[in-house]
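Open the model in your viewer and keep the selection panel at hand. Each stop below gives a selection and then what to find there.

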Amino acid sequence: MTGIRFMDEIAAPRRSMVHSSALRPSRRQSTESEIPLSEYVVAMAVDVPQLELYTHVSKDLQVWIERIKGIYKEAEEEALKITPELFQEFVMADEEGQNELLHQLKLIKVHKHAQAKSEWYDWKMQWVDQLYQKADQGFRDLEADAKVLEDIINQAQEVVPALNEEYENIIRELKQEQADVAELENCDQGYLHELKTTIQEQSVALEAFRADVDEGEAKLDRLQEKLDEIEAHKLETTNAIQVAERQVQVQKNSTHAEVFRLKDELEALQNLHMLHVAKVLPNLFEFRYASSYDVSVPCEDFCPIVKELSIKRVQSAKLKYKDAFPALSPLLLKTAGLLITRSNEGLTVRQIVECLGDYWSACSQLLAQLKLVAIKYPLAIIQGADDESGFIATATVMFPSKKAKALISFIFDTRTFSSWPISVQSMQCDVQVAYGPIQRDTLHEAILARLREATLADNYGCLLDACTVASDCYA
């Protein structure tokens with residue numbers, strides 16, 4: 001009745017519903033021509049974003065269409081019940097009023113058309129801007145890929161000449177080997193077999209000669225070792241002769257400067273051996289070891305009375321050096337005296353000095369091992385019930401992965417720690433599981449295996465390594 005039409009006169013361009021890929025021949029139909037990589041890049045950078053945007057807009061339009069259909073259906077139902085006032089006014093108006101009303105409706109229609117076009121152009125402008133951004137980003141990515149490909153091509157061009165040369169060399173070698181094979185196939189096979197037999201015989205003879213050469217080299221090595229021993233013995237003998245001649249010269253031509261020089265040598269030797277002799281009397285011999293221990297040996301006409309030997313720690317050494325294990329120091333000091341007093345009565349002063357020096361050297365190496373363990377694991381020192389039982393060093397090892405804890409005890413009796421590190425392989429240990437799902441036997445075997453690997457020359461940090469090996473069992 002009003003002549004209003006909404007979608008027929010919209011002049012906005014409509015997008016084709018046929019995708020360009022439908023117009024292009026399929027890949028199966030065209031086996032000779034392949035789609036270039038540039039079209040894939042353009043599709044990924046331009047067409048795919050357009051397709052995604054079109055899909056999103058189409059879904060929104062479908063939702064709006066469904067909603068408008070519902071609204072239109074409701075409006076029709078309401079229109080059936082109530083006649084719109086506009087229609088009533090149009091029917092009741094005269095011809096001039098109807099013309100004015102139609103004119104107003106046409107103006108409204110034109111306004112709505114223009115507004116729809118404006119919104120369409122705005123949306124299209126926004127969509128085009130997004131496409132430009134996608135295209136710029138795709139172009140930048142292409143430039144970056146081109147630079148990477150250029151570097152790869154340059155590297156390949158640098159490698160290609162060498163590969164071509166290697167290929168040519170291999171081809172020449174192959175042709176030469178093929179020619180040799182052809183020549184061998186064309187030659188006399190009987191003569192060739194005879195040559196192979198001769199080569200095998202020569203190989204056997206060559207192996208025999210090599211065995212003789214190896215045996216000769218072994219004999220030469222043994223003779224060289226004997227020669228080295230003889231040279232070393234000769235050098236020792238020469239040094240002894242020179243020392244004896246020097247002593248004879250000193251006795252014959254002793255001077256005041258020579259006495260001071262000998263005194264300096266004596267002090268150097270004492271510093272080297274960490275031994276400082278304080279008194280040498282027929283009834284008393286006193287010396288200080290490592291500036292830490294004073295040893296007093298009563299004598300009878302230069303013969304030591306072993307039972308009356310006395311060992312004290314220097315007070316200044318206690319203040320100068322911090323004791324890492326205070327509970328262990330009295331035991332080590334007491335054991336030093338017991339080693340001498342419980343030995344044979346026939347010890348000389350020299351043997352006492354050597355015995356105490358070896359003992360304190362063993363104790364210092366053992367304390368260094370315990371300090372390394374205490375740096376990483378908590379370490380507790382427990383003395384034995386008597387003087388012969390020694391002490392027990394217990395390290396606490398945690399296993400975070402198993403939420404467990406174990407106590408690893410290294411048992412040091414008097415013989416073990418007084419002869420360290422000679423006794424490292426005979427040392428005993430024990431493992432106690434405090435809590436957690438870990439096996440005591442597994443840890444004990446791992447610790448013993450590490451201790452058995454330690455030797456006299458290679459034992460540094462063996463106790464720490466044993467604890468670390470045990471912790472690695474459940475890492």
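The tour goes from a sheet to a helix pair and then to a nonpolar core. Keep in mind that this is a predicted model.

**Stop 1: the sheet.** Select strands E6, E7, E8 and E9. They make an open sheet in that order, with antiparallel pairing. Which strands stand at the edges? Strand E6 (379–383) and strand E9 (428–435) do; each has a single partner strand, so one side of each lacks a neighbour in the sheet. Direction ignored, neighbouring strands here are turned by 25° against each other on average.

Stop 2: For one of the pairs, pick Ala380: its bridge partner in E7 is Thr394.

**Stop 3: two helices.** Select H9 (residues 349–376) and H12 (residues 462–472). Their axes lie 7 Å apart, and the helices pack at an angle of about 35°. On the H9 side, show Gln369, Leu370, Leu372, Val373 and Lys376; on the H12 side, show Cys462, Leu463, Leu464, Cys467 and Thr468. By class, this contact holds 7 nonpolar, 2 polar and 1 charged residues.

**Stop 4: the core.** Which residues have the most contacts inside the largest nonpolar core? Select Leu370, Phe391, Phe410, Phe412 and Leu463; the core has 59 residues. H9 supplies its largest share, 11 residues.

**Stop 5: Phe391.** Leaving out residues up to four places away in sequence, Phe391 touches Leu328, Leu331, Leu366, Leu370, Ile381, Ile382, Gln383, Gly384, Phe410, Ile411, Phe412 and Phe417.

How values were computed: Residues numbered from 1 in each chain as written. Predicted model: local features only at pLDDT ≥ 70, side-chain atom pairs only at ≥ 80, totals over all residues. Heavy atoms only, no water. Pairing = 2+ DSSP bridges. Helix = DSSP H or I, 4+ residues; strand = E, 2+ residues; numbered from the N terminus. Axes fitted to C-alpha atoms, helices over the stretch in contact; angles between N-to-C directions. Contact = heavy atoms within 4.5 Å. Nonpolar A, V, L, I, M, F, W, Y, C, P; charged D, E, K, R; others polar. Core = buried A, V, L, I, M, F, W, Y, C linked by side-chain atoms within 4.5 Å. Buried < 20%, exposed > 50% of the residue type's maximum accessible area, 1.4 Å probe, protein only.
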